[in-house]
Amino acid sequence: RMSTDLEDMVLLSTVSEKSVVSNLDKRFKKDHIYTSIGPVLIVCNPFKWLKIYDPDTISKYEQGSAAGEDLPPHIFSVAENAFRTMLYEEEKQCVIISGESGAGKTEAAKQIMSYVAAVSGSGGNDAAVTQIKSVILESN
């Protein structure tokens with residue numbers, strides 16, 4: 001029996017369907033719905049609301065990213081990376097969200113948009129940031 005519970009499955013010693021499913025299952029049972037494979041985020045829909053989208057979690061990913069902390073996989077990490085790259089490197093960004101019907105794609109998109117809206121604010125004084133928020137929030 002495999003005893004893995006890895007946040008990033010790049011670290012799996014054996015990559016097989018069995019090891020990937022086993023790792024995801026162990027994490028899912030602990031309500032760890034986010035798992036990475038390198039830069040790719042896998043989300044297992046828990047079909048229940050988890051308290052992992054609050055302002056404290058937003059701050060954790062915003063500040064942790066700036067400090068270079070190694071944070072657990074989360075949709076906010078994807079959002080933070082895309083937003084900061086767009087802002088500082090002035091490169092257009094795209095987040096691909098894929099899955100079957102009912103997999104949680106719309107919820108994932110909403111979480112990305114809410115994160116960007118939360119961290120991009122400068123009291124409404126920065127016209128460029130305000131425009132980015134508008135474009136992102138109107139896209140859904």
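Start by selecting Trp49, Tyr53, Phe76 and Tyr115: ring pairs link these residues into a cluster. Keep in mind that you're looking at a predicted model. Searching the whole structure turns up 3 aromatic pairs. Zoom in on one of them, Trp49 and Tyr53: the ring centres sit 5.1 Å apart with the planes at 45 degrees, so this pair counts as tilted.

Now colour those two by accessibility. Which of them is buried, and which exposed? Trp49 has 57% relative accessibility, so Trp49 counts as exposed. Tyr53 comes in at 17%, under the 20% cut-off, so Tyr53 counts as buried.

Stay on Tyr53 and show its contacts. Leaving out residues up to four places away in sequence, Tyr53 touches Ile33, Tyr34, Ile58, His74, Ile75, Phe76 and Gln111.

Next, bring up the largest nonpolar core, which has 16 residues. Tyr53, Ile75, Phe76 and Tyr115 are the members that touch the most others. Show the helices too: α2 (55-66), α3 (75-88) and α4 (105-120) each supply at least two core residues. The largest share, 5 residues, comes from α4.

Last stop: helix α1, residues 17-29. Its 13 residues reach 18 Å from first C-alpha to last, close to the 18 Å expected at 1.5 Å a residue. Select Ser19, Ser22, Asn23, Leu24, Lys26 and Arg27 to see the buried residues of α1. Among what covers them are β1 (34-37) and β2 (40-43). Finally, step just past α1 to Asp31, where phi is positive at about 60 degrees.

How values were computed. Residues numbered from 1 in each chain as written. Predicted model: local features only at pLDDT ≥ 70, side-chain atom pairs only at ≥ 80, totals over all residues. Heavy atoms only, no water. Core = buried A, V, L, I, M, F, W, Y, C linked by side-chain atoms within 4.5 Å. Buried < 20%, exposed > 50% of the residue type's maximum accessible area, 1.4 Å probe, protein only. Helix = DSSP H or I, 4+ residues; strand = E, 2+ residues; numbered from the N terminus. Contact = heavy atoms within 4.5 Å. Expected span 1.5 Å × (residues − 1). Phe/Tyr/Trp six-rings, centres within 6.5 Å; stacked < 30°, edge-to-face > 60°.
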